[in-house]
Amino acid sequence: MATSTANLERERLLKLAEEYREKGYEVFFHPNIEDLPEFLNNYRPDMIVRKGEENVVIEVKSRSSLNSSSNQYLGNLAQAVERHPGWRFELVMTNPEDTTYSPKAEGSLQEHEIESDLQVARQLITQHPELALLYSWSLVEATLRLIAQKEELSLERFDPRYLINQLATEGVISKSEYQLLMNVLPLRNSIAHGFKTTQITQNSVYELIELTEQLLRTLHTSDEAD
């Protein structure tokens with residue numbers, strides 16, 4: 001099982017490297033300590049890719065390889081990376097959840113439905129902030145898919161982390177938008193899977209709703225420019 005997991009992670013890492021090379025990035029597998037900036041001296045990332053002033057630290061994991069120790073390592077690594085401008089952290093799961101959808105799904109929400117449902121989410125914030133955040137997250141995901149469709153991006157899957165990373169890599173969403181989404185994603189995951197969280201605030205839900213409204217407006221930006 002361990003060998004199978006290692007092979008799965010290696011195959012995913014090689015595929016990622018190929019994807020980044022095609023986009024013009026320089027790829028470094030398992031960089032040595034002398035190839036790392038000082039703030040990463042205590043870590044051994046699976047891969048670093050670079051293009052211009054953009055640096056991406058990438059870890060590839062299978063769900064079976066995650067435990068409390070590895071989660072702590074990844075959390076510390078992510079925090080170390082995100083503190084430095086020009087750097088971002090990308091955790092890629094070989095078997096991410098939510099990559100397949102129920103055959104009962106009838107299609108993604110459309111713009112007018114998202115706009116209407118955002119008002120429902122706002123009404124939930126005061127009494128049920130957890131429910132409001134979960135609902136708002138579903139709406140921002142639907143919005144990101146609409147943006148990806150408008151930009152004619154080729155997506156291999158639709159799990160949220162992959163979707164957010166692809167839009168950030170292509171420059172479709174800004175760094176601040178990317179960071180807000182990545183900050184909220186762990187809260188969404190905790191709530192969705194029945195874990196308690198003390199980090200959620202009404203403000204965090206308002207920020208997510210406002211971001212969704214902001215992203216919806218970008219669907220018309222180029223049309224208005226024309």
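The following exercises, each with a worked solution, concern the predicted model shown above.

Residues are numbered from 1 along each chain as its sequence is written. In this predicted model, local features need pLDDT of at least 70 and side-chain atom pairs count only at pLDDT 80 or more, while totals for chains, interfaces and linings use all residues; side-chain values use heavy atoms, with hydrogens and water left out.

**Exercise 1. Overall composition**

Determine how many helices and strands the protein has, and in which order the elements run.

Solution. Step one is the count: the protein has eight helices and four strands. Helices (H or I, at least four residues) and strands (E, at least two) are DSSP runs, numbered from the N terminus. Step two is the order, which from the N terminus on reads α-β-β-β-α-β-α-α-α-α-α-α. Step three concerns burial: of the 226 residues, 42% are buried, where buried means under 20% relative accessible area, exposed over 50% and partly exposed in between (1.4 Å probe, protein chains only).

**Exercise 2. Two helix pairs**

Describe how α4 is placed against α5, and α6 against α7.

Solution. Two packed helices are described by the angle between their axes and the distance between the axes. Axes are lines fitted to C-alpha atoms, for helices over the stretch in contact, and angles run from 0 to 180 degrees between N-to-C directions.

- The axes of α4 and α5 come within 11 Å and cross at roughly 45°. α4 is therefore oblique to α5; angles under 35 degrees count as roughly parallel, over 145 as roughly antiparallel, 65 to 115 as roughly perpendicular and the rest as oblique.
- The contact is made by W137, E141, L144, R145, I147 and A148 of α4 and P160, L163, I164 and L167 of α5.
- For α6 and α7, the axes come within 11 Å and cross at roughly 140°, so this pair is likewise oblique.
- Here E177, L180, L181 and V184 of α6 meet E207, L208, L211, Q214 and L215 of α7.

**Exercise 3. Positive phi values**

Locate H30 and E152, and state whether each is exposed or partly exposed.

Solution. H30 lies in the loop between β1 (26-29) and β2 (47-51). Its phi is near 35°, a positive value in a residue other than glycine. With a relative accessible area of 49%, H30 is partly exposed. E152 sits in the loop between α4 and α5. The phi of E152 is positive, about 60°, although this residue is not a glycine. At 72% relative accessibility, E152 counts as exposed.

Terms used. Contact means heavy atoms within 4.5 Å.
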